[in-house]
Amino acid sequence: MFNQLLQSSNFYFSPYAIPVMLVGILIFLIGSFVLRQNFRSPVNFSFFCVCLSNGIWLFTVSFVYLSRFTETANFIYRYFTFFGVAAIMPSLLFFISSWIGSLSRRKKFIIANFVISLIFYVLAVTTDKMIAPDRMRAYFWGYYPVYLPLSIPFLVFFLIQVLLSVGELYSGYKKELAPLKKTQKKIILIASLIGFTAPIDFLPKLINLPWLYPCGYISMFIYILLVAYAIVRYRLMNITLTITRTGIFVAVYMLVLGLPFLLLTMGKSWLMQFLGVNWWVGPLVLLTVLATAGPFIYIYLQKRAESILLREQLRYRETLRQAAREMARIHKLKKLLNLIVHIVTRTVVITHSAIYLFNEKSHKFILEASRNLKKPQITALDEENSLIRWLKDYKEPLVHEDLRRKCEEEANPLFKALESQLRLLNAEVVVPGFLRDSLIGILILGKKRSQKLFNAEDLNTFALLANQAALAVENAAIYENIEEQVRQRTEELMQVQKQLIQAEKLATVGTLAGGVAHEINNPLTAVLTNVQMLLTDAASLDKDSKESLELIEEATKRCRTIVQKLMAYAKKPTREQAVSQVNLYEVADKTIAFLEFQVAQDNIILELEAKEKEYAVMGNSNEMEQVLTNLVLNSRDAIKQVKRSGRIKISLLKNNNKVRLEVSDNGCGIPKEVINKIFDPFFTTKDVGKGTGLGLSICHSIIEKHKGTISVQSILGKGATFIIEIPGLVIEAAYAKKHSRN
Amino acid sequence: MPKNILVIDDDGLVTKSVCGLLQNNGFTTDDSENGPDAIELVKDTHIDLIVADIRLPGMNGVEAVKQIKELLKAKHKMDVPVIFITGFSDPDVNAEAQKLGRLIYKPFDNTNFLDIINSAVETET
């Protein structure tokens, strides 16, 4: 019996069998491909069963069409084709149950279906009550079996299975709440409705339409394609779009291949009237023309269909693209971020959105802008966070729904961590924003208010938007930074300018003071000399004259003091800064004598604390006086800021070959922010006119020249202590002695 | 014989007052308004002491005193003491002046001034 299959003389070529055979093979390959994606998944395995049964049906039925004799056709149909046909519906129910997740509940039911189908198959093979064993119907496309009365229960059984699967799918679809799963179920439902038009094959026999070619394999092919796509890549598929694209594709190629085919099969006699023996040229030309035009028609129709179907999405994508272009023009970072969240939330119509930006100081992603946030939001994400690491590695948007599905499918700790991160962030989608390969921010999107899913094109648009935004954010940051720097520099420049003017004024005052001193001192000399001369001859004076002369003398002396102060102020440094042995005790003593009176006017006590009277260093006494004077006057100002009275202490001590001189006060102290700047030139906390900002800087350079150090310790509000350390002379002298002896 | 003191100052108020003070205290005085005049003067006048201002028009007091000292050294083989009086002058010039003699700042107290003059004259004698 089987031998007849191996004899090629039992077959002939029929063009009608070819597409059926090809589709059968294709369906089998698709099933294998899906199975390879995930061997363990019952969904993939049951889908493979569906493909296998359909593949057997179509592949073998093509050989029925190719059979030259009734016996061969009948043998193939009954033994092989019917096996496939009988297995289709149980496989389909198996698949639907796995898909919906009711497999465990329906196990017995599905096994029962397989068993009943198997019984029908055995009946078909072993009895002559179901499919006539000795005859076949002959149509223009080939043989077709004659069904006998026992096939009616099979048909009823088949139809019941169809209805059950549709019902099961529909209720599963209705019950489903998760948007992604709902979409998947919608795909399968629509695909099934298309697939169930396959029994159209029965029509020619049932209602006697001999011209109707059994094209059920086409709907089955569409069904398989859709479902396979849904299983493998369903996650972001736009079902309407996919069906439309497939529909357009099928329609166009039905036209391209179908019209010449119809002309070939049905218009032969009509064509021969015009073209004679070359009648086949007609369909060939038509095929060439249509095949050439086909892709263009397809593209045109697809565009038109998509512009209608995706009007909403195209609109917001365009808006976002436009916004991305506009962003570069905004230079205020805060404004830019608010604009992004505003536009995204409004145009995509989502519940909320938020932006986290990378902060270089804290190495964290900080929540910088948000829109419509209802629940409390995490304000910062660590750089080492699993979500951030994932975004850095994969550089693509993450969809919460997608992660939820992955978590259901397999217990992967990474997916679990990511899923919980997205849940904490209230994020339906997380879009990373990259700038030259580094992640500078992330955009968080809530759900679409329409409850629709985000699809791949949406995500591409968001990724584009995020990267454009990253660029704009950098732009704005640079711009703001420049603005801030310009502002700071201008301020500094103005400050320096003020100080220079002030310094210039002081220099002028100094020069003036010198001139004035000289000019005034001469007449004062005359006055004082003469008054004192007159007073020496006191005996010749009456009491009143003597008193008057004494007043003149006193007034002249006061004038002298004023001029001396002015001169001290204008005192120029000597050209040669002589370095000699300086006793810091004397320096301190002299400074105190000089300033004591001045600070006393502000109720400040100036005291010296030292265990001995010899603190020798090498240096310049004038300069050391200058340093000490500066420090004491600064201390006075610091006290005056916060108190009505105070105390300044100059202390001297020897410390490890060094002389340590401290000036401490109980004034306002120095804030932490400025303590590092106080020795900078032109840095001052005093009002213009009160300080040049040069005092401490000069002190610093003088002490450096003395090979010493100057530092400061302060507690804000409690006071400050300036500490000067200079190498002591005793050691140096001893050292010099030792060397000279050598 | 009273000591003769040369007072060099460009300000007449000062020369008159200082000369008056010195004369009242038993000195004779000569005065000059600038360096060159003073140099001319000492060529044929005996002086025991110079009181000189530092800031003078043209040649400053220190320079003038140097030249006078050299002149007298060459001519009479004698060194004449000097006391500078200044209202305000350059610290470097002051330092140089102090190498030649005492420096007193104007305006000074008579007693203080006379003490210095007397001690300078006595040292000389």
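## A loop residue in chain A

A:Asn656 is found in the loop between β12 (646–655) and β13 (658–665) of chain A, where helices (H or I, at least four residues) and strands (E, at least two) are DSSP runs, numbered from the N terminus. Phi of A:Asn656 is near 50°, which is a positive value in a residue other than glycine. A:Asn656 counts as exposed because it has 9 C-beta neighbours inside 10 Å; a residue is called buried if 20 or more other C-beta atoms lie within 10 Å of its own, exposed if 12 or fewer, and partly exposed in between, with C-beta atoms placed from the backbone.

## The model and its confidence

This is a predicted model, in which local features need pLDDT of at least 70 and side-chain atom pairs count only at pLDDT 80 or more, while totals for chains, interfaces and linings use all residues. Residues are numbered from 1 along each chain as its sequence is written, and chains are lettered from A and ligands numbered from 1 in the order in which they are written.

The predictor gives the complex an ipTM of 0.88 and a pTM of 0.41. For chain B the mean pLDDT (the predictor's confidence in each residue, from 0 to 100) is 90, and 98% of the residues of chain B reach 70 or more.

## The five-stranded sheet of chain A

Strands β12 and β13 belong to an open sheet of 5 strands in chain A, with the order β10-β12-β13-β15-β14 and mixed pairing; two strands pair if DSSP finds at least two bridges between them. At the edges stand β10 (604–610) and β14 of chain A, each with a single partner strand, so one side of each is left without a neighbour in the sheet. From one strand to the next, the twist averages 15°. The pairing of β14(A) with β15(A) is antiparallel and runs over 7 bridges, and the bridge partner of A:Val712 in β15(A) is A:Phe722.

Helix α20 (residues 584–600) of chain A packs on this sheet, touching β10, β12 and β13 of chain A, and its direction makes about 170° with that of β10(A). Helix α21(A) also packs on the sheet, where it touches β10, β12, β13 and β15 of chain A, and its direction makes about 25° with that of β13(A). Such angles run from 0 to 180 degrees between N-to-C directions, and the axes are lines fitted to C-alpha atoms, for helices over the stretch in contact; two residues are in contact if their C-beta atoms, placed from the backbone, lie within 7 Å.

## Helix α23 and the residue after it

In helix α23 (residues 695–705) of chain A, the buried residues are A:Gly695, A:Leu696, A:Cys699, A:Ile702 and A:Ile703. Seen down the axis of α23(A), these buried residues fall within an arc of 120°, so they line one face of the helix; the arc is that of the directions from the helix axis to the C-beta atoms. The buried residues of α23(A) pack against α21 (621–642), β14 (709–715) and β15 (719–727) of chain A.

A:Lys707 follows α23(A) and is found in the loop between α23 and β14 of chain A. Its phi is near 60°, a positive value in a residue other than glycine, and A:Lys707 counts as partly exposed because it has 13 C-beta neighbours inside 10 Å.

## Chain B

Buried residues make up 42% of the 125 residues in chain B. A cis peptide bond, with omega about -15°, joins B:Lys106 and B:Pro107, and B:Pro107 lies in the loop between β5 (102–105) and α5 (110–124) of chain B.
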